[in-house]
Structure formats: structure tokens, C-alpha cells
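Reader: Could you walk me through this structure? I am new to it and would like to go piece by piece.

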Amino acid sequence: MDTSRRNFFGTAALGASGLVAFTSIAEATDKFMAAAGDGGYGRDAKALPPGDVVAYHDPKDVGAMPDFKFSLDGSKPKVTSGGWAKEATAHQFPISKGIAGVHMYLNPGASRELHWHAIAAEWAFVISGRCQTVVIEPSGAVEINNFEPGDLWYFAKGHGHSIQTIGDEPCHFILSFDNGAFSEHGTFSITDWVDVTPKDMLALDFGLPKDVFDAFPKGETYIQSGPILTPSDALEAPWPKESTHKFRLLRDAKAARDFEGGTFRLATCDEFPAQKTMSGGLMVLKPGAMRKLHWNVNANEWHYYLRGKGQVALFGSGGRGKVAEFGPGDVAYIPMGFGHAIKNVGEEDLEIVQTWDNGKFEEIDLDRWVQTSPNYLLSNNFAGVPNATIAKMKRA
């Protein structure tokens with residue numbers, strides 16, 4: 001039972017609503033719940049005496065409201081010769097079952113070695129610096145793309161890929177994966193594979209003497225340091241736009257979905273066709289502005305806070321709600337169907353990288369529901385609320 005429930009049942013005072021607080025769950029259950037079998041069976045259903053205006057929720061029926069905040073950048077990084085990575089998976093952040101996230105930092109001259117993921121696709125937002133990706137698909141086709149801040153990439157599950165810094169500035173980016181169980185620290189990497197494979201097999205595969213493999217790394221290099229790749233030497237072999245793994249989020253007009261109080265750049269599979277299992281973008285809220293109350297119909301939602309101070313109010317059904325504040329380096333996870341709103345409670349712009357585990361996610365705004373519902377239904381739902389108030393809600 002959460003703290004708000006304990007407080008409710010631990011007092012005997014008469015609240016402002018006029019409801020009596022009970023000393024135990026059992027006492028409340030006796031008051032609000034009818035006896036087993038009351039109301040009849042099958043076609044023989046009968047009305048019961050009216051209960052209280054506000055329904056009672058037994059905490060055992062819906063479970064505790066989960067924590068939905070985690071400090072990604074407050075976690076321990078995995079550090080190698082060329083940079084570092086921090087992750088938030090369902091192991092560290094139990095609510096995050098549908099989406100895992102990583103913050104990765106590559107030094108100048110570094111590369112995240114060739115690798116692939118068996119259980120998750122990869123989505124990325126470049127925060128700063130420049131980098132190059134090389135990706136191979138099952139047909140054997142290879143795409144090479146160069147990225148700048150604000151660009152996205154997407155690699156399907158199982159497709160081999162690498163990331164390499166371009167120029168003399170470091171590059172860092174946010175990665176998001178469509179499986180909360182995925183760990184960036186356990187990928188299928190080329191150096192790891194070569195190290196554990198018998199040298200006679202490697203010799204047969206590559207047509208080389210087996211002793212040449214004595215010089216290869218003894219283990220997984222993961223993020224490897226190396227000579228700087230100059231912009232003039234950074235090759236590029238992009239695919240056609242309808243199939244490319246690259247999308248220019250901050251430059252493509254199709255991504256703009258601005259609203260009062262903020263800007264939103266979003267790429268779904270409509271704008272970025274290769275991105276079949278995920279959607280993502282960047283939301284910026286002005287001080288005091290809010291992304292209004294809504295819920296996601298077909299996707300979980302993941303946030304990484306780049307800048308500012310935000311507040312998220314989460315509604316989890318069954319009388320459950322939780323509010324948390326977020327700052328740079330924090331992540332939030334909103335399970336599918338949970339109502340929520342995001343507000344800028346700081347003095348500077350609030351910047352949030354957001355992803356969803358569906359290529360074409362859907363959402364519904366609460367105010368739209370109110371605006372389109374008949375007055376008599378709203379008056380019934382909000383019993384005791386003046387009609388004038390409801391009329392103002394419908395005009396909001």
C-alpha cells in the first residue's frame with residue numbers, strides 16, 4: 001500500500017469532501033463493497049442500493065504505483081579507451097519494460113565497434129559533435145551516413161552497425177531501444193567474436209594464416225580509441241530517403257508539430273520510413289508551459305531530460321497518481337495507457353528527448369475528450385460541478 005493510502009486509512013477525521021476515513025482496509029471494504037453474489041447472476045441481474053458517490057479502490061486490486069523516475073547520468077558508466085556509456089534498462093529501472101536507454105560519449109578518434117543487437121532495434125538522437133555510422137542489412141547492402149547535432153538514426157533488430165567520431169570534437173548521443181531487457185553492455189561485438197573463435201576457423205573464413213590473428217584484441221574493445229577521422233576523409237554512401245537510416249529531425253519541416261508554449265519535432269514512420277518499430281523526437285517547453293493531460297494508446301513513452309527542470313504528473317488508474325520532478329540526466333518512463341502531463345517548473349527552457357516503442361504511436365488529449373462529450377454526460381460524471389465550470393472546460 002502506498003503512502004497516500006496509509007495516510008487515508010490511518011486517520012478518523014472527516015475530510016473536506018465529507019467522506020469518513022476508516023482505520024483499516026477491512027473496515028472500508030465492509031462499507032463500500034457488497035457481499036459476494038449480490039446483484040444476481042447471468043440474466044437475473046438486479047439493482048443494488050446506491051453506494052457512495054466516490055468509489056473505493058482496494059490497493060490489492062491494482063498494485064502499488066510504480067516509481068517512474070531514474071537518474072541515467074547518475075549511474076555508473078562503462079568506460080573504455082575511447083569513451084563511456086551509461087544505461088537504464090529494466091534491471092536498473094524496473095518499470096521500463098518496453099524501452100531501454102543509453103547515454104554514450106565518444107572521444108575524438110574513437111569508435112563504437114561493429115556490433116549488433118539480437119533483441120532490440122536502436123534509435124538515436126545526436127546531442128553534440130559529429131559522427132559516422134556504417135550499417136549492413138541482411139541483403140548485404142551497406143549504408144554510410146554522417147551525423148550532426150539534432151540528427152536521428154535507426155537500426156533494425158539484428159542489423160550490424162558501428163559509430164565513429166568525426167573531427168576533433170567529442171560526440172555524444174542518446175540511444176533508445178524497443179525492449180527494456182536490452183543491455184548495451186551485452187551486445188554481439190566483432191572483437192569479442194574474433195577473440196573466442198578458433199584461429200583455424202578464422203583463417204579459413206578470411207583466407208589468412210592463422211597466426212595473424214595473434215595480433216587481434218584479447219576481448220571486447222567496445223569503444224576503442226584511435227586516430228582522428230577528419231571530415232574530409234569521412235566517406236558517405238547514403239541510401240534513398242525512403243529507406244535511409246538517417247533523419248534530420250531539426251531540419252526537416254515534416255517533423256514540426258509545435259503547440260502553444262512549446263516546440264515539438266517528431267519523427268514517426270510516416271516521416272522516417274525506416275523507423276518501423278519506434279518514434280521519437282525533441283520537445284522544448286517554455287517556462288511555465290505544459291504538455292497537457294493525455295495518454296498513449298499503443299506505445300510506452302520514454303524521456304531523457306537534456307536541460308531545465310520539469311514536473312510529470314502520472315495517473316495510473318485505481319485512484320493512483322504520482323508526481324515527480326526531473327532535471328538534466330534523468331529519465332522518465334510512462335507505461336502505455338497511463339495518463340500524464342509534463343510541465344516546465346524551471347526558469348529556462350525544458351528540453352526533453354522522447355521516444356515511443358511504436359513506429360506510429362497514437363495519443364488522446366483529455367481536453368479534446370471533454371470538448372466533444374455531451375454536456376449531460378459531463379454533468380453526470382462531474383456531479384456537483386456547476387454547469388458554468390463545465391462550459392468553460394469545454395471552451396479551453
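**Talking through the model**

Reader: Let's start with Val212: buried, partly exposed or exposed?

Author: Val212 is partly exposed, because its relative accessible area is 33%, where buried means under 20%, exposed over 50% and partly exposed in between, with a 1.4 Å probe and protein chains only. Please keep in mind that this is a predicted model, in which local features need pLDDT of at least 70 and side-chain atom pairs count only at pLDDT 80 or more, while totals for chains, interfaces and linings use all residues. Residues are numbered from 1 along each chain as its sequence is written, and side-chain values use heavy atoms, with hydrogens and water left out.

Reader: And where does Val212 lie?

Author: Val212 lies in the loop between α5 (199-206) and β15 (223-224); helices (H or I, at least four residues) and strands (E, at least two) are DSSP runs, numbered from the N terminus. Together with Phe206 and Leu208, Val212 forms a nonpolar patch on the surface, and the three have about 270 Å² of accessible area together. The areas come from the Shrake-Rupley method with a 1.4 Å probe, and for residues only the protein chains shown count as cover.

Reader: What goes into a patch?

Author: Patches are made of residues with over 30% relative accessible area and no salt bridge; nonpolar side chains (Val, Leu, Ile, Met, Phe, Trp, Tyr) are joined within 5 Å, and like charges within 9 Å. A salt bridge is a side-chain nitrogen of Lys or Arg within 4 Å of a carboxyl oxygen of Asp or Glu.

Reader: Which other residue in that loop has a positive phi?

Author: Tyr222, in the loop between α5 and β15, has a positive phi of about 65° although it is not a glycine. Most residues other than glycine have a negative phi. Tyr222 counts as buried, because its relative accessibility is 0%.

Reader: Zooming out, how many helices and strands does the chain have?

Author: The protein chain has eight helices and 26 strands, and of its 396 residues 42% count as buried.

Reader: What is the order of the seven-stranded sheet?

Author: This open sheet runs β4-β5-β6-β13-β8-β11-β16, with antiparallel pairing, where two strands pair if DSSP finds at least two bridges between them. The edge strands, β4 (78-80) and β16 (246-248), each pair on one side only. Within the sheet, β5 (residues 83-88) and β6 (residues 100-106) are joined by six bridges, and Trp84 stands opposite Tyr105 in β6.

Reader: What about Ser176, which strand is that in?

Author: Ser176 lies in strand β13 (residues 171-177) and counts as buried, because its relative accessibility is 0%. The side chain of Ser176 makes a polar contact of 2.9 Å with that of Thr355; such a contact is a pair of N or O atoms within 3.5 Å, and within protein one must be able to donate a hydrogen and the other to accept it, while residues adjacent in sequence count only if both atoms are side-chain atoms.

Reader: Which strands stand at the edges of the five-stranded sheet?

Author: The order in this open sheet is β22-β21-β24-β19-β26. β22 (321-326) and β26 (363-365) stand at the edges with a single partner strand each, so one side of each is left without a neighbour in the sheet. Six bridges join β21 (residues 310-315) to β22, with Val323 in β22 as the bridge partner of Ala313.
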